[in-house]
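Reader: Hi! Could you walk me through this structure?
Author: Happy to, let's open it up.

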Amino acid sequence: MSRRDYYEVLGVPKSASEEEIKKAYRKLALQHHPDRNPGDKSAELKFKEATEAYEVLRDAEKRARYDQFGHEGMTGAPGAGRGVDFSGFDLADALRAFMRDFGGDLGGFEELFGGGGARRGGASRGDDLQVRLKLTLEEIATGVQKKIRVRHLRACGDCGGKGGTGEATCSQCKGAGRVRHVQQSIFGQFVNVGTCPACNGAGKTLRNPCKTCGGDGRVSHTDTIAVDVPPGVGSGNFIPLRGMGDTGPRGGPAGDLIVLIEEKPHAVFERDGRDLHIDVPVHFATAVLGGKAETPSLEGEALLVEIPSGTASGTVLRVRGRGLPGLRGGGRGDLLVRVMIWVPDRVSAEDKRLLEELRRSESLKPPKPGRTIFDRVKDALGG
């Protein structure tokens, strides 16, 4: 199947800067990311295609080789110089590349994947798993330990994870775990290298596979795992739990469990980074004369906020240090209180009488619509 031009894949011109390439890839990757398109094979292919293009064009040396030789320069065709093999580039590789540059990782790329990937010519690494963890703002403010139930593949107890007995070198890949396919084209020979289908990359086969696990060396198991969530996390962050994903087949190393953080909407507060926003209803007289208004805090205690005289509806007052902590330190954010003049639905007869008196007061009448600030200043000075 013909492969699209990398510049065409990312939708950028050949003169595109490194920053333009990065921006175009990020947009495509977010659009076609597997998390946003579960089970959509077409989106998965587009995600991999965009990531492959990005991995080449972001690197000056690879990009220069691609500009000169095209895709042949990436596969090491005759005359193209040293190539870059993308034959084994799978979804896991694409996700690692994306997370490396855009993942918002809490633990670092190496901690998350441990330099990962399947071993070449040995037991394959198990799959990484993902689980979503929803948190309240209160839990985010203090940090929390949560317990989650995870269903993953663990070593079969009957065969000790070996898959069976009578181990022998795979006759198809001769123990390498990889097989080569040579294709001829007008540009010369193309060599594709992939996982051996006979031994699934292990390099060995079994004469007597285990009846419990069918020779895979793994069975499904459910565990309860404790996750320590630090203060200040937010949607888009994730916590890697190394070795808690699927165990690899036939004794292969385990993948990782990626805990994706999701933030639950709050009934009172809205979050903006480390800051919290809240609307507080204030009595008309308090806004005019000044005074104090009560607002809840994330910690549960009531706070008294000073309302200056002449405060207009919509004015935002800042309460320092009553927001959320920073994920990597730097102190707490602020609580931003938006003053909203309270207008009751119903009033008593006495309240109506008092309000009628206030309405007749010339000093309390609002300015006419459309008048400029200069007109109002002039009126105030009696001009």
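Author: Let's start with Phe47, which is buried, with a relative accessible area of 0%. Buried means under 20% relative accessible area, exposed over 50% and partly exposed in between, using a 1.4 Å probe and protein chains only. This is a predicted model, where local features need pLDDT of at least 70, side-chain atom pairs count only at pLDDT 80 or more, and totals for chains, interfaces and linings use all residues. Residues are numbered from 1 along each chain as its sequence is written, and side-chain values use heavy atoms, with hydrogens and water left out.

Reader: Thanks! Which rings link up with Phe47 into a cluster?
Author: Ring pairs join Phe47 with Tyr25, Tyr54 and Phe98. Rings of Phe, Tyr and Trp (its six-membered ring) pair if their centres lie within 6.5 Å; planes under 30 degrees apart count as stacked, over 60 as edge-to-face and the rest as tilted.

Reader: How many aromatic pairs are there in the whole structure?
Author: A search finds 5. One of them is Tyr6 with Tyr66, a tilted pair at 4.6 Å centre to centre, with 35° between the planes.

Reader: Where in the chain do Tyr6 and Tyr66 sit?
Author: Tyr6 is in helix α1 (residues 6-10) and Tyr66 in helix α4, 60 residues apart, so the pair links distant parts of the chain. Helices (H or I, at least four residues) are DSSP runs, numbered from the N terminus.

Reader: And are those two buried or exposed?
Author: Tyr6 is buried at a relative accessible area of 2%, and Tyr66 is buried too, at 4%.

Reader: Let's stay with α4. Which residues are buried there?
Author: In α4 (residues 60-69), they are Arg63, Arg65 and Tyr66. Seen down the helix axis, the buried residues of α4 fall within an arc of 165°, so they line one face. The arc is that of the directions from the helix axis to the C-beta atoms.

Reader: What's on the face turned away from the buried side of α4?
Author: That face carries the exposed residues Ala60 and Gln68.

Reader: What comes just after α4?
Author: Gly70, which takes a positive phi of about 70°.

Reader: New topic: which residues have the most contacts inside the largest nonpolar core?
Author: Ile148, Leu257, Val259 and Leu335, in a core of 35 residues. A nonpolar core is a set of buried Ala, Val, Leu, Ile, Met, Phe, Trp, Tyr and Cys residues joined through side-chain atoms within 4.5 Å.

Definitions and conventions:
Helices (H or I, at least four residues) and strands (E, at least two) are DSSP runs, numbered from the N terminus.
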